Amino acid sequence: MTAQGHPHAIFKRAIEHGNLLVAETILRSEIPRPSLGDLLELAALIAVKDPKRHARVAARWLQRWLDARDDATIYDVALATSLLQSLGGRHHGSALMALREMAASATEHGTHRRTR
């Protein structure tokens, strides 16, 4: 734990304040197994702060989401892809809200799958 608090709290504050450097540093060095939600928040911040990296980061997030959702259809992938493309643009907020729901659903799905 760092002097400023729990690493996850520092990561969340960095995301809220738009501090990409701190968010990436904490995620890489202090959070060994970031959640799908954490990775989404980072991808959304990258879309705004470093758009040149967004496509690659979004593709990695989509792959992680697919790994968690073994029941995903081509329609689910098309929706997720469209929402990811909207990050950093005019519909950033609404796209991020929908992606947060998809991430939460995938996380919940993965938890149920492991407990069966």
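Let's start with Leu36. Its relative accessibility is 8%, so Leu36 counts as buried. Buried means under 20% relative accessible area, exposed means over 50%, and partly exposed is in between, with a 1.4 Å probe and protein chains only.

Before we go on, some ground rules. This is a predicted model, where local features need pLDDT of at least 70 and side-chain atom pairs count only at pLDDT 80 or more, while totals for chains, interfaces and linings use all residues. Residues are numbered from 1 along each chain as its sequence is written, and side-chain values use heavy atoms, with hydrogens and water left out.

Now the overall picture. The protein chain has 6 helices and 0 strands. Helices (H or I, at least four residues) and strands (E, at least two) are DSSP runs, numbered from the N terminus. Read from the N terminus, the order is α-α-α-α-α-α. The chain has 116 residues, and 41% of them are buried.

What about contacts? Contact means heavy atoms within 4.5 Å. Take the contacts with a separation of 6 or more: 53% of them join residues 24 or more positions apart.

Back to Leu36, which sits in helix H3. Which residues does Leu36 touch, leaving aside neighbours within four places in sequence? They are Trp61, Arg64, Trp65, Ala68, Ala103, Ala106 and Thr107. Look at Arg64 in that list. Leu36 and Arg64 are 28 residues apart along the chain, and their C-alpha atoms are separated by 7.2 Å.

Now the helix itself. H3 covers residues 36–49. Its 14 residues, at 1.5 Å a residue, should span 20 Å, and the end C-alpha atoms are 20 Å apart, so the two agree. The expected span is 1.5 Å times one less than the number of residues. H3 is mostly covered, with 11 of its 14 residues buried. Among them are Leu39, Leu42, Ala43 and Ile46. Asp38 and Glu41 are buried too.

A quick reminder on helices. An α-helix has 3.6 residues a turn, so residues three or four places apart point the same way.

Next, H4. This helix has 18 residues, which should span 26 Å, and its end C-alpha atoms are 26 Å apart, which agrees. Its buried residues include Trp61, Trp65 and Ala68. Leu66 is also in H4. Is Leu66 buried or partly exposed? Leu66 is partly exposed, because its relative accessibility is 28%. Leu66 is in contact with Ala72 and Val77, leaving aside neighbours within four places in sequence.

Arg69 has 17% relative accessibility, so it counts as buried. Its side chain makes a polar contact with the side chain of Ser105, at 2.8 Å. A polar contact is a pair of N or O atoms within 3.5 Å; within protein, one must be able to donate a hydrogen and the other to accept it, and residues adjacent in sequence count only if both atoms are side-chain atoms.

His92 lies in helix H6, residues 92–115. A relative accessible area of 17% means that His92 is buried. A polar atom of the His92 side chain lies 2.7 Å from the backbone nitrogen of Gly88. Leaving aside neighbours within four places in sequence, His92 touches Ala44, Val48, Ser86 and Leu87.

One more loop. Gly18 is between helix H1 (7–16) and H2. With a relative accessible area of 19%, Gly18 is buried. Not counting residues up to four places away in sequence, Gly18 touches Leu45 and Lys49. Gly18 and Lys49 are 31 residues apart in sequence, but 7.9 Å apart in space, C-alpha to C-alpha.

Last stop: a pocket. Which helix supplies the largest share of the lining of the second largest pocket? That is H4, with 5 residues. H2 (20–30), H3 and H4 each supply at least two. The lining includes Glu24, Arg28, Leu39, Trp61 and Arg64. By class, the lining has 7 nonpolar residues, no polar ones and 5 charged. Here Ala, Val, Leu, Ile, Met, Phe, Trp, Tyr, Cys and Pro count as nonpolar, Asp, Glu, Lys and Arg as charged, and the others, Gly among them, as polar. A pocket is an open set of points on a 1 Å grid over the protein atoms alone, where a 1.4 Å probe fits, with protein on both sides within 12 Å along at least five of seven lines; lining residues have an atom within 4 Å of a point.
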